[in-house]
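Hi,

The structure is below. Please look it over before our next call; my notes follow it.

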Amino acid sequence: MTEREKMLAGKLYDISAPELAAQYVKTRRLVKAYNLLDVGEDEKRAAILKELIPNLGKDCTINEPVQFDYGVNTKTGDRCFINYNLTVLDCAPVVLGDDVFIGPNCTLAPPVHPLLASERKSRVKADGTKYDLEYAKPIHIKNGVWLASCVTVCGGVTIGENSVIGAGSVVTRDIPDNVFAAGNPCRVIRKITKEDSVYLKKELF
């Protein structure tokens, strides 16, 4: 297996491998260009996104700034809205469904480092290249999910359809469909029902 294949398969891999290093540098340049865009530069924005996230769905909005490790390992459905300061460490597949809302300052973090400090520390190859032991677990965020501000989703997590994750939560395990969940670690608070409709909130009208 190549180091990229190992990475996407959830095995220990060498982050300094030439193929991965080249993609990382390319992505960093695209991210920098995207984050420096001015208001109204829609054609440039679309062109950069097409290269940065080849598997981006239709009619998606991504407010800059953003940060990606690779970009090519992220896939979205249609009509996703992503607010400011999203970080996606897509060393494993990160998959968003349709109509996903992501609030400002959220992080999607597939990478996992060893718990033992002796295994986690940086290493040096004979040629002087630095590397460390790392593996990654995929993240799946299904249709209609809303991540409120400052949510962190850890590797290996699936968030079920139409669920809402409260602001500041750290999601370390799967969340079922149609629930409101919050906290650190994130846990299910209650089901979302028709009684949550904004049209039943008279103070809003």
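**Cavity and overall fold**

The largest cavity holds about 60 Å³ of space. A cavity here is a set of points on a 1 Å grid over the protein atoms alone where a 1.4 Å probe fits but cannot get out. Points join across faces, edges and corners, and the volume is the space filled by probe spheres set on them. One cavity of 30 Å³ or more is present.

This is a predicted model: local features need pLDDT of at least 70, side-chain atom pairs pLDDT 80 or more, while totals for chains, interfaces and linings use all residues. Numbering starts from 1 along each chain as its sequence is written, and side-chain values use heavy atoms, without hydrogens and water.

Lining residues have an atom within 4 Å of a point. For the largest cavity they include Ile53, Leu56, Phe68, Thr74, Thr76, Val88 and Leu108. The lining divides into ten nonpolar, two polar and no charged residues. Nonpolar means Ala, Val, Leu, Ile, Met, Phe, Trp, Tyr, Cys and Pro; charged means Asp, Glu, Lys and Arg; the others, Gly among them, are polar.

The chain has four helices and 21 strands. These are DSSP runs: H or I of at least four residues, E of at least two. The C-alpha atoms fill a box of roughly 70 × 45 × 25 Å along the principal axes.

Of the 205 residues, 36% are buried, meaning under 20% relative accessible area with a 1.4 Å probe, protein chains only.

Best wishes

Key: On a 1 Å grid over the protein atoms alone, a cavity is a set of points where a 1.4 Å probe fits but cannot get out, and a pocket is an open set with protein on both sides within 12 Å along at least five of seven lines; lining residues have an atom within 4 Å of a point. Buried means under 20% relative accessible area, exposed over 50%, partly exposed in between (1.4 Å probe, protein chains only).
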